[in-house]
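Here is a short note for a colleague who is new to reading structures. Please keep the model open while going through the numbered points.

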Amino acid sequence: MRKISSLQFITILLCCKLFTVMTYIPDIDENGVVIIIAAVITTILQGILMIPIIAFYNKNNGESIFSFANSKNRILGITISILFLLTSLWALIDSMGDLSFFLEYCFSDTYASWAIIIIIAAASLYVAHTGISTLARTTGIIAVVTLISLILVLTGFEHHIDFVELNIAVKSPVNDVIKSLPKFISCSQELVAFIILMETLRNRPARTVYGFLSIKLFISVVSILAVVMVLGDYVSLSKLPFYTLSAFSQTKIIEHYEAFFMLFWTLCAIIKITLFTICSQYCIHQIFPKLNTIISEGCSLFIAAAITLPILLKEKWEAINFAKIQSLAMIILLAVIPLILLFFKKRKSN
Amino acid sequence: MSSSPDFKNYKDAKISSRLDQIILDCRSITGNTMDLNVMEINICGAPCALITIEGMVSTNAMAELVFQPLMGLNIPKDENPNVGVYQFVTKESLLTAERHILYTYGSVMQDLFSGFALIFIDGIPKGIALGIQGYEKKSISEPTSEHNLMGSQEAFTEVIRTNISLIRRRMKSPSLRFEMLQVGELSSTDICIVYMQDKAPPEMVDRIRKKLKSIKLDTVISSGYIRPFIEERIQENLFSNIGSTERPDVLCTKINDGKVCILIDGTPFSLVCPTLFVENFKTIDDYCWKSYFTTYLRWIRYLAFFLAVAFPGIYVAAASYHPEMLNLKLLLNLSASEQATPYPLFVEILIIMALLELMREASIRLPSAVGSAISIVGGLIIGDAAVKSGIISAPLLIIVGLTATASFIIPSLNQQTSVIRLAFIFAGGAAGFFGIAICAIVVIANVCAMDEFNIPYTAPVSPFSKRGSVDVFTRASFKSMEKSHSTIEDYTEDK
């Protein structure tokens with residue numbers, strides 16, 4: 001597998017995060033200040049959770065947790081691979097479902113969910129098949145273009161900004177922040193992808209992790225501020241706040257930016273789906289080393305599509321909410337497993 | 001007497017020691033072709049033969065450099081005249097600048113058809129090839145596809161040796177290497193690998209050499225014949241990692257960047273391995289103008305590429321699926337003009353794109369005098385009539401005109417822009433901006449997947465290289481180039 005640089009890895013994770021940030025679904029009683037505080041605390045927690053894996057990487061000279069676990073015990077290796085595979089598949093389902101659901105919701109006359117799923121799966125399969133280094137290069141270009149267009153969108157609603165909408169006065173801030181935390185921690189799928197593909201990293205992981213977390217925090221805070229200050233209470237009524245926000249944005253050349261938003265949102269979605277297709281393929285490879293790459297990538301996408309489509313067609317997508325289970329799974333995958341493996345003796349080099 | 005070799009089995013056959021047999025063999029191999037000239041002469045008592053191909057040697061040079069010295073030759077009576085003549089031609093004289101000793105009929109035919117004059121002496125089982133080529137050739141002219149204002153006005157010619165001299169004249173470094181090969185089972189086309197020993201990665205040179213030697217084609221007539229053999233994933237890629245140039249000055253800058261170039265006899269276009277995507281937007285004039293102006297022009301070219309590829313698709317997507325994003329006045333104008341046309345916008349743009357491609361192809365194939373008439377017929381008559389008759393709307397004509405003009409700015413990417421533009425139109429027409437996004441990511445991924453010779457096609461932008469990208473987003477100053485000149489090896493990615 002080809003190696004990629006720290007900057008490239010950060011860019012991939014950032015694109016995935018951008019999709020998550022842009023798909024942010026607010027809870028009815030959430031408050032701007034609470035969300036920002038929760039985002040900051042989550043980032044700090046994620047930084048702490050990542051300490052064991054960084055320590056593991058440094059101790060074992062860059063060896064992945066999969067090959068290390070496999071060398072200690074094959075069953076342990078397979079179990080860890082299955083856990084990560086399931087998380088990757090869930091991320092695939094989540095991203096495909098979100099993209100399809102919101103596209104159909106925003107542009108119901110134009111798109112059908114089954115067609116979106118098929119097209120997205122085909123495009124992601126193509127990009128995933130070209131490999132992680134191609135994904136990294138592709139993301140480098142897309143991330144820059146997306147960030148520029150986001151800035152363009154943000155500059156278009158300066159007249160709508162209202163600081164009062166932040167609602168600084170909160171009744172029980174501690175309780176509200178604690179209540180928001182599971183949801184924020186459950187959105188740490190990018191870090192799971194980082195652990196799976198850590199072997200492809202050319203540099204030491206600490207720089208990548210903390211670089212990503214810092215930029216992610218900045219983008220999250222700016223996005224939340226923009227959404228809250230422009231939309232105000234309307235956030236609670238909007239299913240896709242960023243879409244509504246871009247509809248508010250207006251310049252002398254472009255009247256509304258929602259189509260623009262959709263373009264870059266779709267690009268980020270494909271990056272995320274591709275990343276988790278590669279992650280799934282990597283995990284499947286740990287379980288079945290002889291399986292062809294394209295088959296395992298195709299299977300991952302097929303399974304994700306087969307699970308997503310019936311839920312979408314039965315219009316049950318919004319009912320799915322596993323934030324608490326997901327946040328627990330994140331803690332196990334990000335911290336507990338690397339911590340356990342950290343106590344195993346280092347493998348003697350050949 | 002052994003039977004003479006024929007055109008199928010001559011390559012490894014040894015030259016006979018008997019002159020009459022050599023002449024017979026040459027006639028037999030060539031089927032006594034009418035352009036084979038055989039002159040049997042006696043020099044100081046030694047029976048000799050001079051064999052040439054009509055029109056391939058210079059008769060003046062032959063008279064002055066070969067006939068005159070040989071006719072005036074004196075060999076002592078105690079010496080064997082056959083050996084004497086051989087010694088004179090091979091060791092005691094400087095008849096011509098280029099001289100080969102031949103042992104097999106394979107090398108005899110190679111040199112004979114390359115315009116050498118061959119001398120055979122009775123009793124000597126070898127031939128002597130003298131370089132007095134004098135075939136008709138085109139003189140050095142201006143480049144036809146890479147025009148410039150302030151750079152050199154010389155282009156490569158069809159003759160490989162002239163091209164070599166054009167490069168050597170500009171690059172007087174001992175590290176400049178020329179490696180000549182013959183490719184093509186029947187055509188035996190001369191191909192020359194050009195590189196700088198201290199700059200080109202040795203593995204790249206080795207790989208290209210091996211690839212060229214492995215070509216088993218019958219004929220190699222142009223650079224397109226060997227491109228697929230060097231580029232491994234040519235079928236999968238929309239773009240090409242192998243560039244081409246007809247300018248010796250451009251070639252010199254490429255080899256100075258550590259690239260390997262290939263000259264092919266019979267074509268003025270040389271290949272450049274590998275080439276990067278951003279190089280399509282650079283011209284030799286960029287380095288003659290002020291840096292700020294070049295930077296401005298480069299961004300104009302990037303914009304032109306974007307317009308040429310995606311603009312019609314985005315227009316179809318925006319007008320058909322997302323009209324709310326357009327300015328209200330513009331939207332009203334578009335709506336009014338579209339109401340007068342019978343077809344949907346998607347069909348309209350396909351019709352006009354087909355017209356554009358038809359006219360472009362016609363103007364290329366027709367003689368230049370008639371070519372300009374095509375642009376008048378196409379642009380003025382058909383375009384105007386189509387709008388007036390209501391088949392297409394006027395704004396669409398502007399879009400297509402802008403797209404066509406933009407595509408002319410980057411002629412090296414003409415093949416790609418034509419096809420990708422169509423893909424974007426289909427994507428935009430079928431699924432709006434969602435389709436555009438899908439098409440964009442597939443195209444970008446395809447471009448980013450290209451890394452022939454382990455060098456990403458999208459370098460130095462992605463993966464980002466601070467040093468290299470200075471000359472992409474702006475124009476690097478000569479002072480910075482003086483401090484450190486980056487080569488292609490700087491962009492190599494680790495496996």
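1. Confidence by element in chain B. Within this predicted model, helix H12 (residues 368-388) of chain B has the lowest mean pLDDT among the elements of that chain, at 74. At the other end, strand S9 (residues 260-264) of chain B has the highest, at 96. Where pLDDT is low, predicted coordinates should not be read in detail.

2. Overall scores. Chain B has a mean pLDDT of 89, and 99% of its residues reach 70 or more. For the model, ipTM is 0.92 and pTM is 0.88.

3. Make-up of chain A. Chain A has 15 helices and zero strands. Its radius of gyration is 20 Å, close to the 20 Å that the globule rule gives for 350 residues, so chain A is as compact as a globular protein of that length. The C-alpha trace of chain A spans about 65 × 45 × 35 Å along its principal axes. Of the 350 residues in chain A, 49% count as buried. Among contacts in chain A with a separation of 6 or more, 83% are between residues 24 or more positions apart.

4. Make-up of chain B. Chain B holds 16 helices and 10 strands. Its radius of gyration is 30 Å, whereas a compact globule of 495 residues would have one near 23 Å. The C-alpha trace of chain B spans about 105 × 55 × 40 Å along its principal axes. Of the 495 residues in chain B, 37% count as buried. Residues 24 or more positions apart supply 68% of the chain B contacts with a separation of 6 or more.

5. Domains of chain B. The domain assignment gives domain 1 (19-130), domain 2 (160-275) and domain 3 (287-449). Taken over C-alpha atoms, the centres of domain 2 and domain 3 of chain B are separated by 35 Å.

6. Where the chains touch. How many residues does each chain bring to the contact? Chain A brings 32 residues and chain B brings 29. On the side of chain A that touches chain B, the elements giving two or more residues are helix H1 (6-22), helix H6 (113-129), helix H7 (132-155) and helix H13 (258-287) of chain A. By class, this side of chain A has 17 nonpolar, 10 polar and five charged residues.

7. In soluble globular proteins, nonpolar side chains tend to be buried together. The largest nonpolar core here has 197 residues, and those touching the most other members include A:Cys15, A:Leu267 and B:Ile441. H13(A) gives the most to this core, with 20 residues. Domain 2 (160-275) and domain 3 (287-449) of chain B each supply at least three residues to this core. Leaving out residues up to four places away in sequence, A:Leu267 touches A:Ile142, A:Thr146, B:Ala437, B:Ala440 and B:Ile441. A second, separate core of 31 residues includes B:Ile15, B:Ala46, B:Val85 and B:Ile124.

8. One residue in detail. A:Leu342 lies in helix H15 (residues 323-342) of chain A. Is A:Leu342 buried, partly exposed or exposed? A:Leu342 is partly exposed, because 17 other C-beta atoms lie within 10 Å, and a buried residue would need 20 or more. Neighbours within four places in sequence aside, A:Leu342 is in contact with A:Pro52, A:Ala55, A:Phe56 and A:Lys59. The C-alpha atom of A:Leu342 is separated by 41 Å from that of A:Ala226, which is 116 residues apart along the chain.

Methods
Residues numbered from 1 in each chain as written. Chains lettered and ligands numbered in written order. Predicted model: local features only at pLDDT ≥ 70, side-chain atom pairs only at ≥ 80, totals over all residues. Helix = DSSP H or I, 4+ residues; strand = E, 2+ residues; numbered from the N terminus. Rg over C-alpha atoms; globule rule 2.2 N^0.38 Å. Buried ≥ 20, exposed ≤ 12 C-beta atoms within 10 Å, placed from the backbone. Contact = placed C-beta atoms within 7 Å. Nonpolar A, V, L, I, M, F, W, Y, C, P; charged D, E, K, R; others polar. Domains from an automatic or database assignment. Core = buried A, V, L, I, M, F, W, Y, C linked by C-beta atoms within 7 Å. pLDDT = per-residue confidence, 0-100.
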